[in-house]
Amino acid sequence: MAKRKSYGGEGGHSGKKQKTAHVHDPPTSEEIYNGRQLRQLLAFEQDLRQARHGLQSFKNLLDSIVNGEDENSEKQQILLEYLEAVKPRERDDEVPVYLPDIMETWGMAVQMNNENVMSAVAVILALLLKVLSANVDHVSYGLGICRTLLQKRQQESIAKNLSADNGKDFIISPTLRLLREVVCLDGGTLAAPTFRARNYTFKSLARNMGLRYLGEGVEDPKRPSVRTNAIRFLLGSLRLLYVEAKRDLLSQKDIVAALMRHIRKDPPSLIYEILNTLRSSVILDKKLPKEIKIRILNAYSLIRIAELYGHPEDVTEQEGESEGERPSVEDSAHAFLLAACTDSDAGIRRSEHGYYPDGVDPNAAPSSANDDQPVDFGIDSIPWMSKFENDVPVRNMLLAEFIQTLRPWSSTKQNDLLVAIFEKSPELIAHYFCHRKSFSFDPKLTATWIGYAALLYNAVQLPIPSFFGHAKGYARVPPPTSVVLGNIIPLPMTLKAITRCFSIKSKLASFYAIRLLTLSIQKLGRALEMYREASPSSDSLWEEAARRLLDDFYQRIPDMKDIIKCYLAMDQNDLLQRQAASRLLLLYYEVIPQFSLRAKFDVSPILLSTIKKVETSEETGEDMVMSLLELENLCAIAKYSPNMRWFARTSDMSHSPFTTLLRLSVEKTTGLSNESLGNVLYWVASEHQLVENRPNSQGLYPLIAALRSLENIDPAIWTFLDNCAERCARTPVKYLEMIEEQLEKAKVAEDKNVITCPLMMTIAEQLPYLISSSPSKTTLKELVQFLSEYLGYSLASGVNKRFLKATKELLASGLGEQKKLGAKLRILEREISTSETQNNSHQDTTTVTNGLVNGVINGTDNDSDHEISPHGLEQRLSVPIIVTKDSSLSRWTSKTPEELVEEGYAASLIRLLLSEHSSIRKEALTSIVKVAAKVKESTYENNEQVWLLLMELAESARSLIDNGPLSSMIVTFACKALEVLSNPLHCLYEKINLFLTSRPVWSLDRIPLMQNILQEGPTDDGAFYSEISWLLSFLLDSLRTPADIALFHQRKVFERLFALTCNPFMGPNLRTQILRIVYRTTTIEGGSDTLITRFGTVSWVLAQRDTTTDADERAIYQALLGRLWNTCDQKRISEWSKGGLERLVA
């Protein structure tokens, strides 16, 4: 480029022009061939133009390595040669400085405000750390460079770069990339020091997060904006920082607001990274307090994230990624909101009381006029019972406000999110629909209405919370009727809207209405069942509330005649609609029979036509299933219909409805449910006295089993059975008298336990008429086989044997001249099938009863399925003891004070005081004193407190290490306290400092801080359980020898720990810590004996086992009981307990 002419002469103005042109010239560079050349190029020069030349040459070298152009690793070797040449020597009195020439150049550029060099240094340092982090062998160079960057002078240079003007992206972005590399290097080794220097490293972060891409089109992933780099630096910090640092970082409102402000306009890859990191490192981080999580999960943030539903995907960005590598923005936002709004540990969702509104006391009994003579004023005496028809107070106000902004009718994922929130927080259902005034269920057949209907369907489908949301069992007072009703049939489902769904000619609208009413009535049935469970008497508040709930429910649903009218108008081929409508009609009869009596519904013609359709149908697959389900529903409805004619034959049917259903059940030619059909058949047979209605009667089981045992059944036999059933049902008294005659003939005394069968008498009476009709030999042969099977299965089912022998003779005489066939007639030996008898149960409420009985018999929650082996118990509760190698005595000398404290070198020296060798203990004590002096003389942030801790430990141990290892309690406390002092945000930081300043020497017969934590309040609000967790971890690590158990006994540690478990709010992790302490004690000699005889551990374990409701927890306690027995002196303990413990374990 030709130099522009100067028109100002040779003055200051001319010089200024030349300087500006010089600064903005593109940098020059040269090829690098060895490390010596690179070192010369990067040597400190006051001529910044020459310095920029060297930096650009270095950048080209790093670029070629990063881009994979270094095929023979020559440039990698040049880089290592250079790094080794400039590596500083370690000196005790000096802090090592890596890359001193580059650091000097950077500092000079900052002083002279040379923006090009400021940017160039940040670029090459970021590239250099990226190269070094890719190889484990080179990480040590990277750590040295990073520690140099965290020195005071470099921190000021970083802050200067970060605070550059808004338009200086070429300075800010490389610096943010550099900080991200520092934070992420070696798994976050320097994340904590970087955060401690946040006044410099996090300077202007909120402002930089607002400098988003403003160009046309989409942001180029290879040239990310300042906002993208700033957010990635923040996310890297959140992933790698410790809990207290994250808490401090998230407490800065400007950073949180800046993160969410432009999230919708960010690139999809960045949005995914934001949501994924916040979900894994904030929401699901159980160590992070809820009050901190709520600062990032506020209403503003949730609404911003919810706006990502329907976010368009960037096609150009996805082309560079493999398919399926990253979920879409909408999926990421959905997963994030699900975790944030439904996980109780996330901080948003608060504990609530289900159907009991906020501020209500469900155990407050109604006031009475006279306490001496209590009077039941009924449910109206409860002042809040009728207050919540228009508004329902809730505890989760943040969620309540957020869900009002969702649009579930326009997005299935928003629908799923809202339903998931409803499921976890049932109190929000009634509140949501109370405030959603614009929500209309009036059918309009639009996509919006279908979305409304889908939401209502999902909301009604949700289960009722246990005990209506009360924590421990049913409360004394039922929940408000309006709230319960609002969960069963939400407010938008008005009577007018539902009736209109049936009146308009739309299959979709009527189908949705039918399905919603079906779910509502099913849910009502479950609610009434819970009311009955909670009711102590027939005149209690719960019974009155149940009656009121029914009355209010009747006002919200259409009459049964509207459902019948809709059902009769349906096309015969509309199988799905007909099945759903028949199911709804059945629920009307089963759940609300009083309401169903208002309509007169004769099911006979519909049932007969449906049976005929099923018999003659050639349908297969789903169509046949729908037809069969409709038939099942109609059969069940027929039980409630007084006009049903079960044994009447029509002109177009060969058999009566009863016999036709019996044949369908026997032949199994369809997929009709044997359980539901068997219930109907038994009910009909019992009502019409075809079988005896006795508790031990097997009903129709012998008849059905005998018919099923035959390969082919002649139609004449079905006609014969149909005739017998009709005659028995028409004149049952006649056949009961015949039974009495047969019992007298068989000399069987009258007894209520004697089982007989009226239908069998009818068969015996009508058999001669069948023989007189001259049936074929095949028919007669099958008939005799059937009668033999019938007699055999009747005997197996408990029918009186003498009665059966008399009946056999009667049947043989009925065969008349067919003596050969009569000789073949006999009572066969058959075995009863348990599964079949359950399907033919005699109880009227068979479906419900069988389900309950089967659940008990099958033992769905049997503890035997959750037994834990000794090895499994060890894996759950055993924690390895930390052991330090002797090499720690020499490794600490080359470390900085910061590394000594935060990377565990000082703690390793402290643990050597437990060594069995006196020489090692003495050398460790000497090293501890030297470490204390080194830390005190340094500029380490907490140097005074660490020095005080180490010196007090040394003074306490000085007179004891000659006699043997130091107490495990003291050593463990020193290590734990050192961790606390390295983190000023720790919840015990204040208590540790107060302990250190209280006395110069520690008492060896006391447990430090135990009384302060258990009996005094926490230093910070909400930190009680954090302090308890620290104490339990401290006690577990300190338990190593029998002497430690003796100290626990002296200070009543186990009594205090067992008392802690009485706290109902204590989390499972803390309870597991206590179990680990008990398990550790059993591994020490004499520990189990002491636990059993001194601390009442067996009684405590039994109490914990019996009070828990979780089968896995019960199994752990049972296994721990076995562990106590297996590791104790069994002979001594058996004598001490008089064999009691052995019986408990067995």
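This is a predicted model: local features need pLDDT of at least 70, side-chain atom pairs count only at pLDDT 80 or more; totals for chains, interfaces and linings use all residues.
**Entry 1: overall fold**

I began with the secondary structure of the protein chain and recorded 62 helices and zero strands. I then looked up burial, and found that 52% of the 1146 residues in the chain are buried. For the accessible surface I noted a total of about 55000 Å², with 48% of it belonging to carbon and sulfur atoms. Turning to contacts with a separation of 6 or more, I found that residues 24 or more positions apart account for 74% of them.

**Entry 2: nonpolar cores**

I next examined the largest nonpolar core, which has 281 residues. Which members touch the most other members of this core? I listed Phe58, Leu99, Phe402, Ile592, Trp646 and Phe786. The element that gives the most to this core is helix α27, spanning residues 507-534, with 14 residues. Apart from this core I located another, of 94 residues, and wrote down Ile920, Val931, Ala977 and Tyr1079 as being among them. As background, I noted that nonpolar side chains tend to be buried together in soluble globular proteins.

I followed up Leu99 by looking at its surroundings. Setting aside residues up to four places away in sequence, I found that Leu99 touches Tyr82, Leu83, Val86, Leu125, Leu128 and Ile145.

**Entry 3: the second largest pocket**

I turned to the second largest pocket and recorded a volume of about 1500 Å³. Its lining comprises 44 residues, and those closest to the centre of the pocket are Val95, Arg147, Thr896, Pro897 and Glu898. I checked which elements give two or more residues to the lining, and these are α7 (139-149), α8 (152-162), α10 (191-196), α47 (897-902) and α49 (918-937). Helix α7 gives the most to this lining, with six residues.

**Entry 4: Lys991**

I placed Lys991 in helix α52, which covers residues 989-996. Is Lys991 buried or exposed? I recorded Lys991 as buried because its relative accessible area is 8%, and the cut-off for burial is under 20%. Which residues is Lys991 in contact with, leaving aside neighbours within four places in sequence? I noted Leu1009, Asn1012, Ile1013, Gly1017, Pro1018, Thr1019 and Glu1027. Of these contacts, I marked Glu1027 as a charged residue.

Methods
Residues are numbered from 1 along each chain as its sequence is written. Side-chain values use heavy atoms; hydrogens and water are left out. A nonpolar core is a set of buried Ala, Val, Leu, Ile, Met, Phe, Trp, Tyr and Cys residues joined through side-chain atoms within 4.5 Å. Buried means under 20% relative accessible area, exposed over 50%, partly exposed in between (1.4 Å probe, protein chains only). Helices (H or I, at least four residues) and strands (E, at least two) are DSSP runs, numbered from the N terminus. Contact means heavy atoms within 4.5 Å. Accessible areas come from the Shrake-Rupley method with a 1.4 Å probe; for residues, only the protein chains shown count as cover. On a 1 Å grid over the protein atoms alone, a cavity is a set of points where a 1.4 Å probe fits but cannot get out, and a pocket is an open set with protein on both sides within 12 Å along at least five of seven lines; lining residues have an atom within 4 Å of a point. Grid points are joined across faces, edges and corners, and a volume is the space filled by probe spheres set on the points.
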